[in-house]
Amino acid sequence: FHPSVLSPHMNTPANSQGILIGDKVYSEVFLAIDSSIIPEESLSSTPSMLDGLDHETETNLRILGCELIQSAGILLRLPQVAMATGQVLFQRFFYSKSFIKHSFEIFAMACVNLASKIEESPRRVRDVINVFHHLKQGKGKKITPLVLDQNYINTKNQVIKAERRVLKELGFCVHVKHPHKIIVMYLQVLECEKNQMLVQTAWNYMNDALRTNVFVRFEPETIACACIHLAARVLQIPLPSKPHWYLVFGATKEDIREICISTMKLYSREKPNSEQLEKQVEKRKVALEEARLKAKGQNPSGTPALAAIGGFSPASKPCNSMKKEEGKVFQNGKNHSRSRSRSCSPSRSPHRHRRSHSGTYSSQSSRSPSPRQLKGHRASPVTQLRTERDRQSESSRNSNKRRRSRSRSRSNSRERGRERDYVKHKHDRSHHWDHRERDRDRPHDQGRSKHQSRSHSGRRHRR
């Protein structure tokens with residue numbers, strides 16, 4: 001199905017010397033139209049079936065994807081050859097990859113974009129996304145335009161990456177030989193090319209057959225013969241049957257019957273529901289993810305499963321370790337003093353001192369054993385010395401905090417006094433300038449009263 005690139009360890013063909021790259025000899029890349037035909041073994045066990053998807057759901061997804069490509073091609077005004085190429089690429093890709101792990105809608109967009117380039121009718125990725133957004137809304141609903149937000153940018157990047165993925169999986173062998181011209185040529189041989197109804201009906205059956213898998217199972221010449229045979233039977237146009245006319249072109253009766261049955265089954269199937277199919281795919285995807293995590297010994301949330309961890313118990317350790325620690329203190333006094341200095345340092349215990357809203361500091365009370373625990377238990381001399389030193393350091397820290405709070409309150413009172421003096425001085429200056437403006441507005445004949453008011457205001461200002 002895929003064109004093969006032989007590795008240096010594989011045998012190269014006898015008629016080919018290969019290509020020398022560095023110190024290794026690689027064989028050539030063989031591309032042929034025969035490589036696009038899928039063997040029967042791959043049809044019975046597709047990647048989607050291996051992931052747990054049933055055959056009926058996979059068939060509906062293939063039909064829905066091809067219908068989207070056909071409708072999008074019509075809205076994008078692509079030639080029919082480009083739409084046919086996109087549908088064949090879509091069918092080929094999902095015989096090598098699973099519908100569970102790859103979104104059929106994203107890859108349908110990628111196939112449309114790639115087919116438009118192959119058939120020399122390129123379209124922008126933005127136009128392809130807009131058309132699929134329009135088709136997804138459906139008929140009879142209010143059409144809302146596509147918003148160019150982050151979701152649009154993500155979708156565009158996904159379409160570009162999906163196009164590269166299709167090229168990689170198909171080995172860049174994207175050539176598709178369509179039976180459009182072959183139908184016309186065969187009808188000319190049968191001297192029926194003037195019958196426009198027969199020609200059009202055969203073309204219609206061929207376009208409908210794109211939604212099936214016949215284009216990846218049979219040669220284009222066989223498909224052309226089957227479409228002509230089916231159209232002639234429906235229109236009741238006699239064709240040579242002794243022997244059958246299609247035997248001349250290399251087709252067999254079994255292949256013709258298989259293609260005709262696959263095409264006619266399309267008209268008896270119900271239209272696939274995209275929402276229901278997406279739910280089934282999502283459900284199967286979740287089941288596969290849970291199975292994968294369970295195989296790794298994890299829960300669906302990503303946390304390790306308790307059953308997989310042996311000997312785990314949330315119970316606490318026994319409390320007799322306190323006596324062992326006191327015994328170690330008697331043996332090594334240096335280690336005791338070092339651990340005590342580390343435990344008492346404020347950097348080692350960030351939650352020991354907390355600052356309140358008033359600016360003062362409050363320390364949490366150290367944990368001390370209850371009277372019941374102390375009953376019958378006499379503390380060691382080292383423990384008594386440690387508690388006495390802790391009390392002294394605690395009292396010194398409290399006295400330092402009181403001094404800081406007093407100095408802080410004094411500085412705050414000084415700042416408030418300065419603010420009051422500044423406001424009072426500012427008020428006196430504004431009052432003085434108001435009097436001066438009022439005196440300027442008076443007439444000139446009241447000079448004496450004006451002089452008196454100025455002197456009065458000046459005295460008030462000096463006071």
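Student: How far is the sulfur of Cys227 from the closest cysteine sulfur?

Tutor: This is a predicted model, in which local features need pLDDT of at least 70, side-chain atom pairs count only at pLDDT 80 or more, and totals for chains, interfaces and linings use all residues. Residues are numbered from 1 along each chain as its sequence is written, and side-chain values use heavy atoms, with hydrogens and water left out. A disulfide is a pair of cysteine sulfur atoms within 2.5 Å. The closest cysteine sulfur to that of Cys227 belongs to Cys260, too far for a bond, at 7.7 Å.

Student: How many disulfides does the count give, and which cysteine sulfur is nearest to that of Cys225?

Tutor: By the distance rule, the count is zero disulfides. Cys225 takes part in none, and 9.4 Å away lies its nearest cysteine sulfur, that of Cys227.

Student: Is Cys225 buried or exposed?

Tutor: Buried means under 20% relative accessible area, exposed over 50%, and partly exposed in between (1.4 Å probe, protein chains only). Cys227 has a relative accessible area of 3% and is buried. For Cys225 the value is 0%, so this residue is buried.

Student: Which peptide bond is cis?

Tutor: Most peptide bonds are trans. Pro243 lies in the loop between α10 (220-235) and α11 (253-265), where helices (H or I, at least four residues) and strands (E, at least two) are DSSP runs numbered from the N terminus. With omega near -10°, the cis bond is the one from Lys242 to Pro243.

Student: What is the phi of Arg77, and where does Arg77 lie?

Tutor: Most residues other than glycine have a negative phi. Arg77 is not a glycine, yet its phi is positive, at about 60°. Arg77 is exposed, because its relative accessibility is 73%. Its place is the loop between α3 (55-75) and α4 (80-93).

Student: Is Gln236 buried or exposed?

Tutor: Gln236 also is not a glycine and has a positive phi of about 60°. It sits in the loop between α10 and α11. Its relative accessibility is 70%, so Gln236 counts as exposed.

Student: What is the volume of the largest cavity?

Tutor: On a 1 Å grid over the protein atoms alone, a cavity is a set of points where a 1.4 Å probe fits but cannot get out, and lining residues have an atom within 4 Å of a point. Grid points are joined across faces, edges and corners, and a volume is the space filled by probe spheres set on the points. The whole structure holds two cavities of 30 Å³ or more. The largest has a volume of about 100 Å³.

Student: Which elements give two or more residues to the lining of the largest cavity?

Tutor: Twelve residues line this cavity, and those nearest its centre are Ser36, Lys177, Phe215, Phe218 and Pro220. The elements that contribute two or more lining residues are α4 and α10.

Technical notes:
On a 1 Å grid over the protein atoms alone, a cavity is a set of points where a 1.4 Å probe fits but cannot get out, and a pocket is an open set with protein on both sides within 12 Å along at least five of seven lines; lining residues have an atom within 4 Å of a point.
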